[in-house]
Each structure stands twice: as C-alpha cells, then as structure tokens.
Amino acid sequence: MRNPVHFLAFGFGSGLAPKAPGTFGTLAALPVWYGLAQLPPWGYLLGTLLVIAVGPWLCGRTSRDMGVHDHGGIVWDEIAGFLITMMLAPVSLTSAVLGFLLFRFFDVVKPWPIGWLDRRVHGGTGIMLDDLVAGVYAALLLQGLLALL
C-alpha cells in the first residue's frame, strides 16, 4: 500500500479485507459519495467522471503490477459503480442503504450483459466496465424505488 496507485485501486485499503473485499470497497465509497453529494449536480457528475476516467489506468496498472487480472482487492471499480448508483439520489440513510444493497446485488449476480462483459472485456477497462453497468442498473432501480417511497 506504499504505492499510491495501488492504495487508490484497493479503495484506500478497503480491498484488503480478507472476506468480501467488494463489499468493503463499496463501503469505502460511502464517504466519497457523501462528499460529492454536497456539490451541485454538475460537480457530482464531474467528480464521478473523474473517478471513472482514471479507473481503467489505476485498475490496469495495479493488476499488471500484481500479475493477477481483476484481483479481488481491486475495488476502485466498486467506488465508481456506487457513485453511478447514487447519482441524483437524495442524501439520506434510506438512499444510502438501498443504493448499497442494489449495487451489491447487481455486482454479485451479474445479470446480462454484466456477466458477459466481465468475462469478455479484459484489462483495466474490463475491470471497470461490469461495475459501471451494475451501477446503471442499480441507479435505475433505486430511482424507481425512491419515487415509490
């Protein structure tokens, strides 16, 4: 974790959790989301796009350095996916819990095309892409659920 690229790719160290590193990576995304949510929508979008833009490089570089494609501890993709999930969601405990659960569901279950992308797209882009799509699925469902509540 002395390498700042690895530190970020491992979600500020959250990816080092011995079990369920993706879940811990998503938990690490909560303060990032909360901080970005204090900005106007364009600021949140800009911050999320920055996280997404650097993701393929961070994840790809860390993966190459470790010699393992999509090492479970690389959780920058979970942070990016969760930020997509929470886009335009109100800052509330209900939103945070629902968004967290929905994102983890889609990230773990990997319905089409998430699983297909996970198996076929490689490198840093492949590490990121399935979580970005999971974030879109979770965001759509989250917005629908919040509208019902």
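Are Arg104 and Asp107 buried or exposed? Both residues are buried, where buried denotes a relative accessible area under 20%, exposed over 50%, and partly exposed in between (1.4 Å probe, protein chains only). The structure is a predicted model, in which local features need pLDDT of at least 70 and side-chain atom pairs count only at pLDDT 80 or more, while totals for chains, interfaces and linings use all residues. Residues are numbered from 1 along each chain as its sequence is written, and side-chain values use heavy atoms, with hydrogens and water left out.

Arg104 is located in helix H5, which spans residues 93–109; helices (H or I, at least four residues) and strands (E, at least two) are DSSP runs numbered from the N terminus. The relative accessibility of Arg104 is 12%, so this residue counts as buried. When neighbours within four places in sequence are set aside, Arg104 is in contact (heavy atoms within 4.5 Å) with Gly22, Thr23, Thr26 and Glu78.

The structure holds 5 salt bridges, each defined as a side-chain nitrogen of Lys or Arg within 4 Å of a carboxyl oxygen of Asp or Glu. One is formed by Glu78 and Arg104, with the closest N and O atoms 4.0 Å apart. This pair links distant parts of the chain, since Glu78 belongs to helix H4 and Arg104 to helix H5, 26 residues apart. Glu78 is buried, as is Arg104.

A salt bridge also joins the side chains of Arg104 and Asp107, at 2.6 Å from N to O. Both partners lie in helix H5, 3 residues apart, about one turn of the helix.

The side chains of Asp130 and Lys110 meet in a further salt bridge, with an N to O distance of 3.0 Å. Asp130 lies in helix H7 (residues 123–148) and Lys110 in the loop between H5 and helix H6 (114–120), so the pair ties together parts that are 20 residues apart in sequence. Asp130 is buried, with a relative accessible area of 2%, whereas Lys110 counts as partly exposed at 24% relative accessibility. Glu78, Arg104, Asp107, Lys110 and Asp130 are linked in a network of salt bridges.

Helix H4 (residues 76–85) also contains Thr85, which is buried at 0% relative accessible area. The side chain of Thr85 reaches the backbone oxygen of Gly135 at 3.4 Å. Not counting residues up to four places away in sequence, Thr85 touches Gly99, Phe103, Gly135, Ala138, Ala139 and Leu142.

Definitions and conventions
Polar contact = N/O pair within 3.5 Å; in protein donor to acceptor, adjacent residues only side chain to side chain.
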